[in-house]
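Please read the following report with the sequence and the model side by side. It follows the strands, the rings and the charged side chains in turn.

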Amino acid sequence: MRLEEIYSAYDKIVQSGYLPYIRCKKCTHTFFYVRHCCPKCGSRDLEVLRSEGIGKVFSWTKIFRKNDTSIYGIVELEEGFKVYCNFTSDVEIGDNVRVKIDSLGDGKYKLLAYKL
């Protein structure tokens with residue numbers, strides 16, 4: 001799969017409101033960030049899939065600013081890959097969460113994780 005094809009497939013899934021990810025057809029390794037080859041085995045035989053967005057809190061941190069506090073961390077999805085997210089409420093490691101795409105326009109987005 002060529003890089004342009006991967007970006008195109010990603011965009012279609014994001015526009016439908018779901019979280020995309022990539023799975024290597026050779027070694028079955030899964031990952032989130034767009035790459036033209038598998039980071040584990042180097043194969044270019046990849047497929048873009050749609051995640052259900054269900055996972056567990058892998059780590060988190062709370063960031064204190066002058067007028068705001070935000071919670072940021074990593075979620076491990078059921079499909080086996082990890083993503084950085086903004087959490088919408090206090091969480092603990094191991095909590096079940098749902099990750100959703102929040103579009104910011106111009107093809108940009110951020111990931112929000114809601115505690116289940």
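In this predicted model, proline 20 stands opposite arginine 50, which belongs to strand β3, and leucine 19 likewise stands opposite serine 51 in β3. Strands, like helices, are read from DSSP runs and numbered from the N terminus, a helix being a run of H or I of at least four residues and a strand a run of E of at least two. Strand β1 (residues 19–24) and strand β3 (residues 46–51) run antiparallel and are joined by six bridges, and two strands are said to pair if DSSP finds at least two bridges between them. Strands of a sheet pair through backbone hydrogen bonds, either parallel or antiparallel.

On residue numbers and confidence, two remarks are needed. Residues are numbered from 1 along each chain as its sequence is written, and side-chain values use heavy atoms, with hydrogens and water left out. Since this is a predicted model, local features need pLDDT of at least 70 and side-chain atom pairs count only at pLDDT 80 or more, while totals for chains, interfaces and linings use all residues.

Strand β1 is mostly covered, as five of its six residues are buried, where buried means under 20% relative accessible area, exposed means over 50%, and partly exposed lies in between (1.4 Å probe, protein chains only).

**Aromatic rings**

How many aromatic pairs does the structure hold? There are five aromatic pairs, and rings of Phe, Tyr and Trp (its six-membered ring) count as a pair if their centres lie within 6.5 Å, with planes under 30 degrees apart called stacked, over 60 edge-to-face and the rest tilted. The rings of tyrosine 21 and phenylalanine 81 are stacked, because their centres are 4.9 Å apart and their planes stand at 20°. This pair links distant parts of the chain, as tyrosine 21 lies in strand β1 and phenylalanine 81 in the loop between β5 (69–77) and β6 (82–87), 60 residues apart. Both tyrosine 21 and phenylalanine 81 are buried.

Phenylalanine 32 and tyrosine 33 form an edge-to-face pair, with 5.0 Å from centre to centre and 80° between the planes. Phenylalanine 32 is buried, with a relative accessible area of 5%, whereas tyrosine 33 is partly exposed at 40%. Tyr10, Tyr21, Phe32, Tyr33 and Phe81 form one aromatic cluster. Of these, tyrosine 10 lies in helix α1 (residues 3–15) and is buried, with a relative accessible area of 4%. The C-alpha atoms of tyrosine 10 and proline 20 are separated by 5.8 Å, although the two residues are 10 residues apart along the chain.

A charge can also sit over a ring, which requires NZ of Lys or CZ of Arg within 6 Å of the ring centre and within 35 degrees of the ring normal. The charged end of arginine 50 sits over the ring of tyrosine 18, 3.8 Å from its centre, and the charged end of lysine 82 sits over the ring of phenylalanine 58, 4.2 Å from its centre.

**Salt bridges**

A salt bridge is a side-chain nitrogen of Lys or Arg within 4 Å of a carboxyl oxygen of Asp or Glu, and by this rule the count comes to six. The table lists some of them.

| Glutamate 47 | Arginine 23 | 2.9 Å |

Glutamate 47 counts as partly exposed at 21% relative accessibility, and arginine 23 as partly exposed at 30%. Aspartate 95 is buried, with a relative accessible area of 17%, whereas lysine 115 is partly exposed, with 44%.
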